[in-house]
Amino acid sequence: MNKNEGLFSKMKKGLTSTKEGFSKNIGNIFNSSGEINDDFYEQIEEALIVADVGMATTMLIIEKLKVNIKANKIKTTEQAKTELKNIIKEMLGQNDVEDNYPLVILFVGVNGVGKTTAIGKLASKFGEQGKKVVMAAGDTFRAAAAEQLTEWAQRSNASIVKHKEGADPAAVIYDAIQSFKAKGADVLLCDTAGRLHNKKNLMEELKKMERIIAKELPGANKEVYIVLDATTGQNAINQAKNFKDTVELNGIVLTKLDGTAKGGVVIAINKELMLPIKYIGVGEAIEDLEIFDPYLFVEALFE
Ligand SMILES: Nc1nc2c(ncn2[C@@H]2O[C@H](COP(=O)(O)OP(=O)(O)O)[C@@H](O)[C@H]2O)c(=O)[nH]1
Ligand SMILES: [Mg+2]
């Protein structure tokens, strides 16, 4: 199996539930050798909305589809399908993941979205590439959080810096940076406690962590990823919009794509947040995290 085939089957695995709904629907629309008329567009519109692509983004897609079909004198539904796929691919743009080291990533988001799990899976991914990884257990809210991260560190052969429950997370980040420097490591993955954007002190705490990273690692490639749970649909988009007001985000990790039949949310998230989806979570196991590939995603969605 070549690398692309592997990624494609991973993408399909993440979209298993979505394929039951959206892909079947859309497949039926395009396979019926019907005409390209108002009814045809309405059916596509409905399939997109049901898949959580969102009203605004769906309208934009349908408009573009109408224009392109007319401009390119498209007559068959098969050609229209290719046109629709191209529109979505273009909308999703390209995703380049970071490969400049040293690399520091701060993971933020609300409770339970999969921050800690994403760090564990990513540590393993970087480790496979021969990178030296340090984890910072910045969720000091619950003792169990550091324990959970420690397990991931063991599984992925990463090292971890943690403090006692209730400690200042900024101090954990500071110590982790010193360890990171001393080891000459490549990647520092910083976990944080789940927080809501309206908790002012917790948002200030995030800013403090950012300041420490900026001060202690001026030359590093610094990223802040918001982790979003795909099963929460539009709610995930609102969470990110709220975080964006306080912290500068660079990208998204979209988890639990395997747990939703509404994979179209990927398109809405990308379009509405104007942030790249860097990685997707497609299961609970250590290998269930993939670099988001817009091209393969669309191919899998329509297969
Ligand atoms: N099915 C599935 N479950 C996930 C995924 N990512 C995380 N989870 C689960 O979601 C739950 C919360 O994850 P956790 O990393 O503790 O969330 P955190 O509070 O943001 O750190 C755990 O039970 C994880 O196993 C994913 O991509 N797919
Ligand atoms: Mg956590």
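A residue counts as buried when its relative accessible area is under 20%, as exposed when that area is over 50%, and as partly exposed in between. The legends below use these words for a predicted model.

**Figure 1. Helix α12 is largely enclosed by the rest of the structure.** The helix covers residues 294-302, and eight of these nine residues are buried, so α12 has the rest of the structure around most of it. The buried residues are Pro294, Leu296, Phe297, Val298, Glu299, Ala300, Leu301 and Phe302. At the start of the helix, the backbone nitrogen of Tyr295 has a side-chain oxygen of Asp293 within 3.0 Å.

**Figure 2. Ligand 1 sits in the largest pocket.** The ligand is surrounded by 15 residues, and the closest are Gly112, Lys115, Thr117, Asp258 and Glu284. Sorted by class, this shell holds eight polar, five charged and two nonpolar residues. Helix α6, residues 115-128, gives the most to the shell, with four residues.

**Figure 3. Backbone atoms of Gly112, Val113 and Gly283 approach oxygen atoms of ligand 1.** At Gly112, a polar backbone atom is 2.8 Å from an oxygen atom of the ligand. At Val113, the distance from a polar backbone atom to a ligand oxygen is 3.3 Å. For Gly283, a backbone N or O atom lies 3.3 Å from an oxygen atom of ligand 1. The ligand taken alone exposes 590 Å², and the protein buries 78% of that area.

**Figure 4. A cis peptide bond joins Tyr101 and Pro102.** Most peptide bonds are trans. In the bond between Tyr101 and Pro102, omega is about 0°. Pro102 belongs to the loop that runs between helix α5, residues 77-92, and strand β1, residues 103-108.

**Figure 5. Lys256 and Met274 have positive phi values.** Most residues other than glycine have a negative phi. Lys256 is not a glycine, yet its phi is about 60°. This lysine lies in the loop between β6 (251-255) and α11 (265-273). Its relative accessibility is 32%, so Lys256 counts as partly exposed. Met274, also a residue other than glycine, has a phi near 50°. The loop that holds Met274 runs between α11 and β7 (277-281). Met274 is exposed because its relative accessible area is 69%.

**Figure 6. The side chain of Thr77 meets the backbone of Phe30.** Thr77 is part of helix α5. Its relative accessibility is 8%, so Thr77 counts as buried. A polar atom of the Thr77 side chain lies 2.8 Å from the backbone oxygen of Phe30.

**Figure 7. Asp229 and Leu257 are 28 residues apart along the chain, with 7.7 Å between their C-alpha atoms.** Asp229 is in strand β5, which covers residues 221-229. With a relative accessible area of 9%, Asp229 is buried.

**Figure 8. Val110 and Ile226 are 116 residues apart in sequence and 9.0 Å apart in space, C-alpha to C-alpha.** Val110 is located in the loop between β1 and α6. This valine has a relative accessibility of 11% and therefore counts as buried.

Figure 9. Ala153 is 19 residues from Val134 in sequence, and the C-alpha atoms of the two are 8.5 Å apart.

Notes: Residues are numbered from 1 along each chain as its sequence is written. Chains are lettered from A and ligands numbered from 1 in the order in which they are written. This is a predicted model: local features need pLDDT of at least 70, side-chain atom pairs count only at pLDDT 80 or more; totals for chains, interfaces and linings use all residues. Side-chain values use heavy atoms; hydrogens and water are left out. A residue is near a molecule or strand if one of its heavy atoms lies within 4 Å of it. A polar contact is a pair of N or O atoms within 3.5 Å; within protein, one must be able to donate a hydrogen and the other to accept it, and residues adjacent in sequence count only if both atoms are side-chain atoms. Accessible areas come from the Shrake-Rupley method with a 1.4 Å probe; for residues, only the protein chains shown count as cover. On a 1 Å grid over the protein atoms alone, a cavity is a set of points where a 1.4 Å probe fits but cannot get out, and a pocket is an open set with protein on both sides within 12 Å along at least five of seven lines; lining residues have an atom within 4 Å of a point. A molecule sits in a cavity or pocket if more than half of its atoms lie within 2 Å of its grid points. Helices (H or I, at least four residues) and strands (E, at least two) are DSSP runs, numbered from the N terminus. Ala, Val, Leu, Ile, Met, Phe, Trp, Tyr, Cys and Pro count as nonpolar, Asp, Glu, Lys and Arg as charged, and the others, Gly among them, as polar. Buried means under 20% relative accessible area, exposed over 50%, partly exposed in between (1.4 Å probe, protein chains only).
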